[in-house]
Amino acid sequence: MLAMAAARLGLRCQVFSSDPDSPAFDVVQNATCAEYADVEALELFANDCDVITYEFENIPAGTAMVLAARKPVLPNLSILQTTQDRLAEKDFVTKLGIGTAAYADVGSAAELRTAMTKIGLPAVIKTRRFGYDGKGQAIVREGDDPQQVWDDLSTRSAILEAFVPFEREISVIAARGADGHVECFDVTENQHRDHILKFSTAPADVSEAVAAQARAIAEKIASALDYVGVFAVELFVVPGENGPTLLVNETAPRVHNSGHWTLDGASVSQFEQHIRAIAGWPLGKPLRHGQVTMTNLIGDDVLDYAKWLTVPGTTVHLYGKGAPRPGRKMGHVTEVTPPAAK
Ligand code: AMP
């Protein structure tokens, strides 16, 4: 989707992936299929590019360093280090004075036992690295045995987070240009099924004050990271006597699934904003075309594609990923309801 957005602006992409079936290979002329540790392939790839970006934050640090020694990598390398590690990410956000769930660093069953007392239960244990779509995390409840929980997670480093009694989950997709200018898309509301994003709707059902606060949080984080590109912040909206408060759950240094609605629902998509930002071009002012719902086609959902193709007002995106597997994101559908004609 990034490569297609680039092509529409007259820019060419070269894709590097270790997966021979990468769907991105189908839409670009120049592709490198090699391992992240293949220094020679990385160097040849970098030689062909003016600027390098990524749409997956778990790029090994060594890979990013080889590339950055040759061409600008945006967003910059230190951002990968902060966002690859849930502990570093939470520490960074907390230092900015932004709220998160209470959390503790956990490196053993004994430390987990101590953290369970400190944080309270229920709580959520998450591996510090490589967690997504609910993978590498579990709820810890009263009566659970810390040794058993630790063994089941099979990791060396984790964090224990307080369980947040949120009323809704929202996200902000923000773009920050090389000149520091930030443009946010309208705040999106997200619903998960089995820890995987299923629906995103825009705008989120929150007050303008809450939406403004969410955008300000995204802008503060992006500016503190000296970020260039598109950035996502997932937040919990927690009800309280004096109105809702916002806690940051996670940040993502890339275009984000909860921003896929922008392809069909806004004047500029998150993909185009990212390409503009890394190219050093002015960002667009994204205007939403109406009330938008994005539905992920997960696993066998994709088998219904023909049904979706006939639904009035919907746009169907199929990723060409091959065989559906449970939990695999195979495509998405966007429905845009324009405001009533005046
Ligand atoms: P994550 O991988 O951190 O984005 O978590 C996936 C989903 O699990 C979130 O979108 C929430 O629905 C849920 N979740 C994660 N952390 C917490 C928490 N501390 N309290 C309550 N629910 C959580």
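The C-alpha centres of domain 1 and domain 3 lie 23 Å apart. The contact between the two (heavy atoms within 4.5 Å) takes 13 residues from domain 1 and 14 residues from domain 3. Together they bury about 1300 Å², 70% of it on carbon and sulfur atoms; buried area here is the accessible area, found with a 1.4 Å probe, that two parts lose on being put together, summed over both. On the side of domain 1, L2, L9 and E57 lose the most area to domain 3, together 39% of what that side buries. The assignment places domain 1 at 2–73, domain 2 at 102–162 and domain 3 at 168–337, with bounds that come from an automatic or database domain assignment.

The model is predicted, so local features need pLDDT of at least 70 and side-chain atom pairs count only at pLDDT 80 or more, while totals for chains, interfaces and linings use all residues. Residues are numbered from 1 along each chain as its sequence is written, and side-chain values use heavy atoms, with hydrogens and water left out.

The ligand is surrounded by 16 residues, and the closest are K126, E161, V164, E169 and E250; a residue counts as near if one of its heavy atoms lies within 4 Å. Four strands, β4 (123–127), β6 (158–162), β11 (229–238) and β12 (245–252), each supply at least two residues of this shell. Strands (E, at least two residues) and helices (H or I, at least four) are DSSP runs, numbered from the N terminus. By class, the shell has six nonpolar, four polar and six charged residues. Here Ala, Val, Leu, Ile, Met, Phe, Trp, Tyr, Cys and Pro count as nonpolar, Asp, Glu, Lys and Arg as charged, and the others, Gly among them, as polar.

Some individual atom pairs can now be picked out. A nitrogen atom of the ligand is 2.9 Å from a polar backbone atom of A162. Ligand oxygen atoms are found 3.1 Å from an N or O atom in the side chain of N249 and 3.4 Å from one in the side chain of H192. These are polar contacts, pairs of N or O atoms within 3.5 Å.

Turning to the backbone, a cis peptide bond, with omega about 0°, joins L121 and P122. P122 sits in the loop between α6 (109–119) and β4.

Terms used
Polar contact = N/O pair within 3.5 Å; in protein donor to acceptor, adjacent residues only side chain to side chain.
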